[in-house]
Amino acid sequence: MAPEGARDHQADAASNPGEPGTGSARASRSAGSRPSDSPPAEPPRIETLLVLGASGDLASRLLLPALGQLLTVEPDRRILLVGAGAEQYDEEQWRTRVSDAFRSSQASGDAVDELLSHTRYRSADLTSDDGVRSVLDECEGAVAIYFALPPAITFRACQALERIGVPDGSVLGLEKPFGSDAASAHELNELVQRIVPERSIHRVDHFLGRTTVLNLLGLRFANRVFEPLWNSTHIERVDIVYDEELALENRARYYDHAGALVDMLQSHLLQVLAIFAMEPPATLGEADLRDAKSTTLRATQVWGGDAAGSSRRARYTAGRIGDRTLPAYTDEAGVDPSNETETLAELTVEVGTWRWAGVPFTLRSGKAIGRKRREIMVTFREAPRVPSGLEGEAPANVLHIALAPERIALELNMNGPGDPETLSREVMQADFDPGRLKAYGEVLRGILDGDPSLSIRADTAEQCWRIVEPVLEAWRAGTVPLEEYAAGSNGPDAWRTSIR
Ligand SMILES: NC(=O)C1=CN([C@@H]2O[C@H](COP(=O)(O)OP(=O)(O)OC[C@H]3O[C@@H](n4cnc5c(N)ncnc54)[C@H](OP(=O)(O)O)[C@@H]3O)[C@@H](O)[C@H]2O)C=CC1
Ligand SMILES: O=C1O[C@H](COP(=O)(O)O)[C@@H](O)[C@H](O)[C@H]1O
């Protein structure tokens, strides 16, 4: 049902010819009507990329450089870039900002030049109907609306869009965190689905655009040697680790309310788990791929149903990483120590399926960690029997699938080198080229081409909250102590035994 006073964007322009709203954006759908989700024969061509929050960190550090890279790799692509945000930029300042971002990704070529000559920016309050309408008026044709805004502002901008309506064929790109719990994610899902159909909603998780994550598909399903072993009969445990040297990096406004569990595990690492553990999809089309991921996440819950027993949290104190001296997290600008925000989170979950019953999946991510480690570590069960006569240890094989950089390594027991009767540990390693596009480039390509395969579907966004909610509740109730580790260490001493 359309809210009282809701009007179509085009109708609005027609009935108020002197007001903003007479630009070239067209909205031929009535605001508030439920968009159809039947797949179009061919998705409409997106003519404009509208970045809301274009003056922010995400836009300038990741999104615009990725756009530049995409246009360099695909010089025939044409797109009008419209930026919008609270900041005031004149035309020259905006163009300089975009070209600086493009320079940072060595972007060049016809498509880049063409974009730079037409790009525009409008300063507006994106929580108001007038503000949102004024930026839509700068757009042409079908628009990809990318919300690089704080989550609360995104919600209000979507409410405005629901009232105004969007041009036919438009798509939405929504950043994480998507909601703050399952209920708010559900509410946001309902809101955005009233604006455009589900297949036009791209809930962004840039880990799904990483080559290393995408390579899991080829590794698992294009080889004979892994998939037959990819189950609880042969795999003992799986660790998905993303430990960073980066600390808070002036992001207290966001991070101090999120913490490591929400920032990394609830989103990125559960997505990686889903691709690692899902059943083989028949195709990589969005329906097959996203159904397979969704089924896996629906079967996932905290280990043994015990949120407190299966999770740990810690926060960094002052320390050093390389030549950088870091203050304690609680002394960082903008941090409120009473929020008890964790900077290191660990959670063990189970995937309750025939394939994975009894295999612990441990997800861990921390900031200001001395040993940068970003990988999926698959520990196999030990060989059932080593023939008498072979000397030495035969520990379990371990497969390391790096999430960054692009590498895969398999720890094997061999008796080849040296004494042929004595076992030794050897590592078979392959380094491969990064993809043509960085993660955000893949994300943008999916959005601009109307392919939601690498986006998170509505149900999955809610499932990921359902999985971590018991942990958030246990932590809020204080049943899991907030431990400490020195910045530059590998986490609290007592945790050392858990992940190698
Ligand atoms: N930065 C990152 O590395 C990542 C960020 N994200 C997500 O991206 C989103 C944006 O993050 P980030 O760029 O870091 O945040 P910033 O705070 O740096 O940027 C937010 C932008 O929104 C603008 N803005 C805020 N309120 C309004 C308003 N009422 N009207 C118009 N513009 C407004 C800000 O303008 P002004 O500055 O003038 O107030 C700014 O341009 C968040 O959801 C975040 O979780 C996701 C992954 C990584
Ligand atoms: O989304 C986020 O991801 C980054 C880690 O991803 P990377 O691709 O930049 O390595 C993390 O640092 C940040 O806290 C989080 O918000």
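Which residues of α2 are buried? Let me answer that from the predicted model on the screen. The list runs Leu 58, Ala 59, Leu 63, Leu 64, Pro 65, Ala 66, Leu 67, Gly 68, Gln 69, Leu 70, Leu 71 and Thr 72. That makes 12 of the 17 residues, so α2 is largely enclosed by the rest of the structure.

What does the covering? Among the elements over those buried residues are two strands, β1 (46-52) and β4 (142-147). Helices α3 (91-104), α4 (110-118) and α11 (439-448) are there too.

Now the geometry of α2. The helix covers residues 57-73. From first C-alpha to last it reaches 24 Å, close to the 24 Å expected at 1.5 Å a residue. There is a kink, though. It sits at Leu 63, about 35°, shortly before the proline Pro 65. Both Leu 63 and Pro 65 are on the buried list.

Next, the backbone details worth checking. Start with the cis peptide bonds. One joins Lys 176 and Pro 177, with omega about -5°. Pro 177 is in the loop between β5 (171-174) and α7 (182-195). Another runs from Ala 404 to Pro 405, with omega near -10°. Pro 405 is in the loop between β15 (398-402) and β16 (407-414).

Gln 106 has phi near 50°. Its place is the loop between α3 and α4. Look for Ala 368 in the loop between β13 (361-366) and β14 (373-380).

Buried or exposed, for Gln 106? Exposed, because Gln 106 has 10 C-beta neighbours inside 10 Å, and the cut-off for exposed is 12 or fewer. Ala 368 has 28 such neighbours, so Ala 368 counts as buried. The cut-off there is 20 or more.

Last, the whole chain. The secondary structure comes to 12 helices and 18 strands. The radius of gyration is 24 Å, close to the 23 Å that the globule rule gives for 500 residues, so the chain is as compact as a globular protein of that length. Along the principal axes, the C-alpha trace spans about 90 × 50 × 45 Å. Of the 500 residues, 44% count as buried.

One more number, on contacts. Take pairs at least 6 apart in sequence: 78% of those contacts join residues at least 24 apart.

Technical notes
Residues are numbered from 1 along each chain as its sequence is written. Chains are lettered from A and ligands numbered from 1 in the order in which they are written. This is a predicted model: local features need pLDDT of at least 70, side-chain atom pairs count only at pLDDT 80 or more; totals for chains, interfaces and linings use all residues. Helices (H or I, at least four residues) and strands (E, at least two) are DSSP runs, numbered from the N terminus. The expected span of a helix is 1.5 Å times one less than its number of residues. The bend at a residue is the angle between axes fitted to the seven residues ending there and the seven starting there. Two residues are in contact if their C-beta atoms, placed from the backbone, lie within 7 Å. The radius of gyration is taken over C-alpha atoms; the globule rule is 2.2 Å times the number of residues to the power 0.38.
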